[in-house]
Amino acid sequence: MIDLRSDTVTKPTEEMRKASYEAEVGDDVYGEDPTVLKLEEAAAEILGKEAALFVTSGTQGNQIAVLTHTTPGNEILLEEESHIFYYESGAASAFAGVQTRTIKGERGAMDPLAIAAAIRGEDQHFPETGLICLENTHNRAGGAILPLENMKGIYEIAQKSNIPVHVDGARLFNAVANAPYSMNDFTQYCDTVQVCLSKGLGAPVGSIIAGDKDFIKKARKWRKRLGGGLRQVGVIAAPGFIALTKMRERLSEDHEKAIELQAGLANTKGLEISNTVDTNIVVVNVKDLNVTSDQFVSALKEHGILAVTFGPTLVRFVTHYDVTMEQIHEVVSTVNKMISK
Ligand code: TLP
C-alpha cells in the first residue's frame, strides 16, 4: 500500500526508536524527566517563545490553549474550515464552554477587517470575544500558507482589543520550509502556538504548545486536568526531540513530492486539482468522472493507494517522509490506468 492519507502515518525512524530506548527518564509530573525538559527548552527556543509544554496531540494542544485563554461563555473567532472548528469533535464547546464564531477565509486566511467587525463590543447581550485562532498551514485549504502580512494584520487588531491569538501550527514547519520567512517571523504575530511533532516531522507521538511563562503555567494545569500529565514520558519525548531538531530541514522534499503528484494528476483526464499546492497536500476533484469521493477512494484502495475523502467529490493526498518519489510516480501511473479502464 502507498499511504497518502496523512502525514500522521509515518513510522518512527531507527534513530528515533534507539533514542526512545536510551532516553533518560524521570517523573514528568514532578518536572523530573530530563528528556522532556530538554525537548521543551529546545521547542521554546525554536518557536521564539518564553516557554513550551509537551502535550499528547495537536488536538490536546489546541484545546488546552482554548481552555487557558478563555472563560465559559466567551466567543472565539476562527476560520470556518479550521481544524479546531471542523475536526475536534466540538471540544471547544464541550470542554471550554465557548461559543465558536466562524469567518470565511480565502485559502484559509481571514480578512483582518472581518475579524475587526466580528470582535464584540461592550454590551450585556454579547459574549466577550476571548480568543482568535489561526491555522498555518491550513489543512482544509490544502496546506495553504497563511501570508505573514495577514497574520500581522490580524494580530495588530487583536492587540488593540486585548484579545489573544493562538496559531494551530500543526504544520507550521511546512510553512517555514516553503516561505521566505523564519519561524520567528510567523510566531511574532501570535501569543501562543501549537506545533505537531507527529506529522511531517515523523515523531510517533506528541505536540508542543508555546507561549509566555504565565500561559504555560496555566496550560500545565489544564493538561493535568485533562489527564495529560504523563510520567516517564522521556521515552516519547526523545523521538520528539529528533523530530524537532533533525527533521525540519527535509520537509521541502515532501513539498517536491506534492508538486510532482499535482503535476501528474493534473494531466489525468477527468481529474481537477482543487488547491494551489503550497506545501505537502494535494486535493483532487473527481466530479468529472461522475463518481463520489468515497467511490474514488475505494477504487484507489483496490489499486494499493490510500487517500481520504475531503468533501463529496474531493480527495486529499498528503506526502510525507515514508513515501518516495518513485512511489509518487507509481501513484500517477496507477491512477491513469485506473481511470482509462
Ligand atoms: N489533522 C489530521 C486529521 O485530524 C484531519 C490530518 O490527517 O490532517 N491541527 C491541524 C491543522 C491538523 O491537521 C491536525 C490533524 C490537528 C490539529 C490535530 O492533531 P492530532 O491528530 O495530533 O490531534
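Predicted model: local features only at pLDDT ≥ 70, side-chain atom pairs only at ≥ 80, totals over all residues.
The protein is divided into two domains, domain 1 (10–246) and domain 2 (250–340), with bounds that come from an automatic or database domain assignment. Residue numbers start from 1 along each chain as its sequence is written.

Let's start where the two domains meet. Their C-alpha centres lie 28 Å apart. Across the boundary, 21 residues of domain 1 are in contact with 17 residues of domain 2, where contact means heavy atoms within 4.5 Å. The size of an interface is often given as the accessible area lost when the parts come together. Here domain 1 and domain 2 bury about 1500 Å² between them, 50% of it on carbon and sulfur atoms; that area is taken with a 1.4 Å probe and summed over both parts. On the domain 1 side, Thr10, Gly142 and Asn174 lose the most area to domain 2, together 28% of what that side buries.

Leu251 has 0% relative accessibility, so it counts as buried. The cut-offs are under 20% relative accessible area for buried, over 50% for exposed, and partly exposed in between (1.4 Å probe, protein chains only). Leaving aside neighbours within four places in sequence, Leu251 is in contact with Phe173, Asn174, Ala177, Gly200 and Leu201. For a sense of scale, Leu251 and Glu45 are 206 residues apart along the chain, and their C-alpha atoms are separated by 20 Å.

Next, go to the loop between strand 5 and helix 7, where you'll find Ile145. With a relative accessible area of 15%, Ile145 is buried. Not counting residues up to four places away in sequence, Ile145 touches Asn136, Thr137, Ala175, Asn178, Ala179, Phe186, Asp278 and Thr279. Two of those partners, Asn136 and Thr137, are joined by a cis peptide bond, with omega near 0°. Thr137 lies in the loop between strand 5 (129–135) and helix 7 (148–160). Ile145 and Gly108 are 37 residues apart in sequence, and 8.1 Å separates them in space, C-alpha to C-alpha.

A pair of aromatic rings is described by the distance of the centres and the angle of the planes. The structure holds 3 aromatic pairs. In one of them, the ring centres of Tyr181 and Phe186 are 5.9 Å apart and the planes sit at 85°, so the pair is edge-to-face. Rings of Phe, Tyr and Trp (its six-membered ring) pair if their centres lie within 6.5 Å, and planes under 30 degrees apart count as stacked, over 60 as edge-to-face and the rest as tilted. Phe186 is buried at a relative accessible area of 1%, whereas Tyr181 is partly exposed at 34%.

Gln63, in helix 3 (residues 58–69), is buried with a relative accessible area of 3%. The side chain of Gln63 reaches the backbone nitrogen of Ala92 at 3.3 Å. Thr192, in strand 7 (residues 192–196), is buried at 1% relative accessibility. A polar contact of 3.0 Å joins the side chains of Thr192 and His69. Such a contact is a pair of N or O atoms within 3.5 Å; within protein, one must be able to donate a hydrogen and the other to accept it, and residues adjacent in sequence count only if both atoms are side-chain atoms.

Asn162 is exposed, with a relative accessible area of 71%.

Key: Heavy atoms only, no water. Helix = DSSP H or I, 4+ residues; strand = E, 2+ residues; numbered from the N terminus. Buried area = accessible area lost by both parts, 1.4 Å probe.
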